[in-house]
Structure formats: C-alpha cells, structure tokens
Amino acid sequence: MSNKEEIKSLLDKNPKYKQDLFKRGFLITSNKNIDDKEYPFYGLWKKESLGQYEVYLHPKQDLYKYEYKEKIFFLIGHAYNPYTMEIDEIKILEKIANNSDAQDKSYFDAINEITGLFIFGYVENEKLQIIIDCAGMQGGYYGIAKNDVYISSHMQLIGDICDLEMDQYVKDLVNYKFYKLYGPFLPGDLSSYKEVKRLVPNTYVNYSDGHFTVKRFFPNENIKVCSNKEEYDKTIKEIGEQLHRNMELVSKKWSKPAISMTGGMDSKTTVACTNGLYDKFKYFSYISMDGEAIDANAAHTISKDIGIEHKIYDIPRNNDEFKDLDIVTTIINHNFGNIGKLNQNDMRKRLYFRDTEDFDVEVKSWVSEIGRANYYKKFGKKKMPTPLSNRNLTSMYKFFVTNRKLVKQTDKAFEEYRKKFDFDNGLYNYDPSDMFLWEIRYGGWGGLVITGEHRYSFDITIPYNNRNLLKLFLSLPLEDRIKDKPHEDVIKLMNKTIDDTGITIVNYNETKKRMYIEKMYFDLNNWFKFI
C-alpha cells in the first residue's frame with residue numbers, strides 16, 4: 001500500500017483527523033479538475049480564484065490579494081513591516097505593488113523589509129512570480145506535473161494529487177542509516193519528486209510559456225563589514241531596535257502571543273528585545289525529555305530575574321498517555337513528506353499543544369543562528385573554504401561514512417544547485433557557509449520542520465525572519481560572530497539584567513568533543529574527494 005493509500009484508509013476510519021492533513025497548507029494550480037470534496041481536501045479547504053489559477057487553502061491559512069494595473073499581487077501566510085510599522089497584509093502588498101513596475105532594486109527592497117511566514121507573488125494572465133519569505137520558514141514547492149502548474153506548502157500534497165513516484169536517489173538517501181543526523185531534509189532544492197523543486201530563499205521563480213525559471217535577487221551588492229567601534233555600535237543598536245519593533249508588531253497582530261524560551265543566546269536576545277513590552281506576551285518552555293530540563297530551568301531563572309511569569313509545560317514521556325498518538329504521528333510524517341520518521345518526543349509535543357488555548361501564536365527564535373557563524377563553530381574553523389566545493393557542501397549537509405555512491409550523487413545535487421543558484425559568483429563577498437546555513441539548512445530543514453510539523457500545534461512567527469535584519473548581523477566582524485559577541489551586546493543594550501544572570505546554555509551540538517569529531521569528518525571527507 002502506498003503512503004497516499006495508507007493515509008486515505010486511515011482518514012476514512014478516523015474522519016475527525018481529516019482537518020489535520022497538510023495543516024495550514026495551500027495549493028496554487030492551473031488544474032481545474034480537482035474534486036475538492038474528495039482526498040486530500042475533503043470539502044474542508046477554502047477555494048479561491050487567483051487570475052487564471054485556483055487556490056486551495058486549509059481553514060487555518062489565509063490569502064491576501066491586491067490588484068495593481070494588470071497584475072494580482074498575493075500573499076499567503078502572515079507579514080509585518082518593522083520599517084513602516086504596518087501589520088495589514090493588504091497595505092503591505094500595496095506598497096510592494098507600487099514599487100513593482102521596473103522589477104528593480106526598489107521592488108526587492110520593499111520585499112526585503114517584510115518579516116513573517118509567507119509566500120508572496122503576483123499573477124499576470126498565465127504568468128506567475130513567486131518568492132518565499134526571508135529564510136523559507138513557510139515551506140514552498142513548485143513544479144509542472146501532468147501539464148499543470150502546482151505551487152504548494154507541502155511537496156507531498158503535490159505528490160498525492162498527481163500520484164508522483166518518489167525519486168530513487170531520495171529513497172536511497174532517506175534509508176541511509178546516518179540520514180537523520182543533521183536533520184531529515186534533502187540537498188539543494190530537491191523534493192521527493194523530480195517534477196517538484198523547493199522554493200529557495202533569496203531567489204524568485206517565474207512561470208511563463210510552460211516553463212519555470214529561477215533567478216537570485218539577494219545579495220545584489222557587497223556587504224560592508226563594520227570596521228570600527230562606531231559602526232559596530234550603530235549596527236548593534238539597529239538590530240536591537242528592529243527586533244523590538246518586530247516584537248511590538250507581533251503584540252498588535254495577535255491577541256495572545258507567547259515566546260518560547262530557552263537559556264540559549266537566540267532566545268535571550270528575543271526576550272531582551274521585548275523589554276518594555278513584557279506585559280503583552282506570555283512566556284513558556286517545555287520538557288518532553290530529560291535533556292530539555294536544563295534549558296527550561298534556565299529560562300525560568302532568567303524570567304524570575306527580569307520579573308516575568310514563565311510557565312514550564314511538563315509533557316508526559318509515556319506514549320500511552322496520548323490518545324491516537326499513532327494516528328497523529330502517521331499524519332504528521334505524511335505532511336512532512338515521508339522523508340524520515342520524526343522523533344516520538346516531538347510527536348508527543350505536537351499532540352500536547354494541539355488544543356492549547358493558552359496562546360494563539362508561538363514566537364520562535366529560529367533564523368537568528370544565521371548571524372552566528374554556525375559552521376565555523378561546528379567545524380572549529382577560523383576560515384572556511386571559499387568558494388565551497390561540491391564535496392564541501394555534501395560534508396556540511398550529511399554525515400556520510402559508508403555508501404560512497406550516495407556521496408557522489410549528493411555531490412552532483414550540489415553541483416547542480418551551485419550552477420542554478422549562482423552560488424559561487426552571485427553571493428558577492430558574503431560568506432558562503434553563512435549562505436549555506438541560510439538557504440539550505442534553514443530554507444530546507446527549517447521550513448520543512450516548521451511547515452510539516454511545528455505548525456500542526458499552533459501558528460508560529462519568527463521575528464528574525466527579515467532579510468534586512470540578517471544583513472545587519474552578517475555585517476558584523478566574523479571573529480565577533482564566532483564568539484557570539486553581537487548577540488551578547490544586543491542583550492546588554494536591550495536588557496542588561498538578562499546579561500547579568502550569566503546564564504547561557506550551550507547547544508549540545510556546540511560542545512568541544514562534538515566539534516572535534518565534526519572537524520575530523522569534514523576534513524577527511526573533503527580529502528577523499530575522489531572517493
């Protein structure tokens with residue numbers, strides 16, 4: 001029985017879970033023959049027109065449209081602008097549309113101001129343009145199957161509608177015994193299906209005359225790295241102020257926002273930049289396995305020191321305490337794309353929080369790590385290769401010890417990615433390892449996890465998911481970013497009490513022992529590049 005047939009059978013027996021299939025998802029298509037009363041929509045999804053295209057929306061997903069001249073601009077998801085302090089998506093679309101005539105720098109500058117989780121684009125007759133949010137936290141996939149155009153939040157949704165066959169390389173990859181290490185996601189812009197590609201951050205995709213084409217729009221110039229204390233301090237202030245504005249906008253956009261807290265650097269920066277707005281948010285952590293207690297307790301101590309109320313959710317460790325856990329797990333794994341079974345403690349979290357009324361959106365601190373020179377820490381390097389070779393990218397993507405055939409196939413996938421997305425010459429002087437983290441690790445893994453798993457429970461927003469903000473982080477000196485000095489300085493500036501606690505929980509991935517093993521693997525795998 002195929003995955004699709006298994007899910008259909010499961011939902012026929014358990015119809016109340018039909019609403020959980022591809023939760024918060026969307027589909028844009030030229031296919032006019034979809035029966036939305038049957039699988040996978042079951043008459044539950046909203047249907048709207050977008051020019052010549054049909055849009056299907058999960059009940060918990062929103063579409064905004066604005067017509068300008070011959071174009072229909074649209075945004076699916078949510079957005080807010082910390083430069084204009086606008087939270088209305090229609091007005092945000094209006095500003096972008098008014099800068100769209102030449103499709104020049106002013107157009108993309110307007111897009112780069114936006115924070116949120118969304119897919120944006122426009123329709124002009126049969127022509128389409130689509131752009132994913134800053135770091136691809138709203139998952140997005142596109143392709144042509146059986147002569148129709150498909151754009152969706154979930155690659156599996158396209159696969160199910162078109163009865164596509166999983167690519168053999170992907171099958172082999174997801175069955176590799178070390179595949180889940182570094183997270184279950186695919187290399188480059190690949191999906192489970194040859195017909196479908198992932199929308200990559202910092203690029204736009206055009207559809208015209210029966211073909212999709214992709215082009216990079218960011219970066220469009222060299223980044224100027226701060227060269228003195230005055231420039232550095234000014235940048236730190238800009239980062240703190242923009243994050244504070246984003247948090248203010250979140251407090252206005254949702255009625256019950258909550259910040260998920262850890263004792264880590266990214267979370268502390270978020271909470272520090274919420275200073276002056278503390279009464280607008282709730283604060284929480286969770287413990288679903290023993291290793292999470294350290295972070296939760298650290299967050300509780302920080303909260304007490306700055307005078308905010310913090311709740312720790314203790315999630316039962318026993319699967320038997322969750323009714324229908326197996327059903328929900330099967331659905332979430334399907335939503336995820338069937339490219340790797342997710343951890344049981346994560347499934348218990350999703351089910352535990354699914355029906356919460358404590359808050360209506362979770363503020364996550366993801367994407368912040370893009371500014372923290374992640375791969376320099378990971379591999380214990382003071383200098384990463386520039387440009388990154390195909391094998392460099394493969395080594396950063398997965399831990400390949402055996403099955404050298406897969407190594408060569410993954411090298412090939414990254415070779416195609418580098419050419420297609422102008423990854424060598426198109427990055428100007430941006431550090432390629434930072435951009436790998438941005439476009440592949442977060443754009444691939446992060447968007448898949450947020451869309452396919454985390455948003456099963458509640459909606460999520462990410463205040464760091466803003467292209468101009470990441471540019472500010474990346475303009476700070478590399479040696480400072482490796483030491484996390486910028487984040488520390490933002491915290492000191494925005495709420496010194498948090499810094500005074502002296503609490504910073506280091507991710508287990510950043511221990512010296514792990515760094516040594518990772519460095520040895522990276523160097524050896526690149527040394528044996530002909531194997």
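Q: At 44% relative accessibility, how does tyrosine 428 count?

A: This is a predicted model, and the reading is by cut-offs: a residue is buried under 20% relative accessible area, exposed over 50%, and partly exposed in between. Tyrosine 428 has 44%, so it counts as partly exposed.

Q: Where is the place of tyrosine 428 in the chain?

A: Tyrosine 428 sits in the loop between helix 13 (404–420) and helix 14 (432–452).

Q: Which residues does tyrosine 428 touch, not counting residues up to four places away in sequence?

A: With those left out, tyrosine 428 touches Pro219, Asn220, Glu221 and Asn222. Its side chain also reaches the backbone oxygen of asparagine 220, at 3.3 Å. As for glutamate 221, its C-alpha atom is separated from that of tyrosine 428 by 6.2 Å, although the two residues are 207 residues apart along the chain.

Q: What share of contacts in the chain between residues at least 6 apart in sequence join residues at least 24 apart?

A: For the chain, that share is 74%.

Q: Is lysine 4 buried or exposed?

A: The cut-off for buried is under 20% relative accessible area. Lysine 4 has 15%, and therefore counts as buried. It is placed in helix 1 (residues 3–13).

Q: With which side chain does the side chain of lysine 4 make a polar contact?

A: The partner is the side chain of aspartate 163, at 2.7 Å. Aspartate 163 is also one of the residues that lysine 4 touches when those up to four places away in sequence are not counted; the others are Tyr39, Asp160 and His334.

Q: Which residues make the nonpolar surface patch?

A: A patch takes residues with over 30% relative accessible area. Here Tyr516, Ile517, Met520, Leu524, Trp527 and Phe528 make a nonpolar surface patch of about 690 Å². Methionine 520, one of these residues, is found in helix 19 (residues 512–527). Its relative accessibility is 40%, so methionine 520 counts as partly exposed.

Q: What radius of gyration does the chain have, and what would a compact globule have?

A: A compact globule with 531 residues would have a radius of gyration near 24 Å; the chain has 22 Å, which agrees. The C-alpha trace spans about 60 × 55 × 55 Å along its principal axes.

Q: How many helices and strands are in the secondary structure of the chain?

A: There are 19 helices and 17 strands. Of the 531 residues, 60% are buried. The accessible surface comes to about 21800 Å², with 48% of it belonging to carbon and sulfur atoms.

Note on methods: Residues are numbered from 1 along each chain as its sequence is written. This is a predicted model: local features need pLDDT of at least 70, side-chain atom pairs count only at pLDDT 80 or more; totals for chains, interfaces and linings use all residues. Side-chain values use heavy atoms; hydrogens and water are left out. Patches are made of residues with over 30% relative accessible area and no salt bridge: like charges are joined within 9 Å, nonpolar side chains (Val, Leu, Ile, Met, Phe, Trp, Tyr) within 5 Å. Accessible areas come from the Shrake-Rupley method with a 1.4 Å probe; for residues, only the protein chains shown count as cover. A salt bridge is a side-chain nitrogen of Lys or Arg within 4 Å of a carboxyl oxygen of Asp or Glu. Helices (H or I, at least four residues) and strands (E, at least two) are DSSP runs, numbered from the N terminus. Buried means under 20% relative accessible area, exposed over 50%, partly exposed in between (1.4 Å probe, protein chains only). A polar contact is a pair of N or O atoms within 3.5 Å; within protein, one must be able to donate a hydrogen and the other to accept it, and residues adjacent in sequence count only if both atoms are side-chain atoms. Contact means heavy atoms within 4.5 Å. The radius of gyration is taken over C-alpha atoms; the globule rule is 2.2 Å times the number of residues to the power 0.38.
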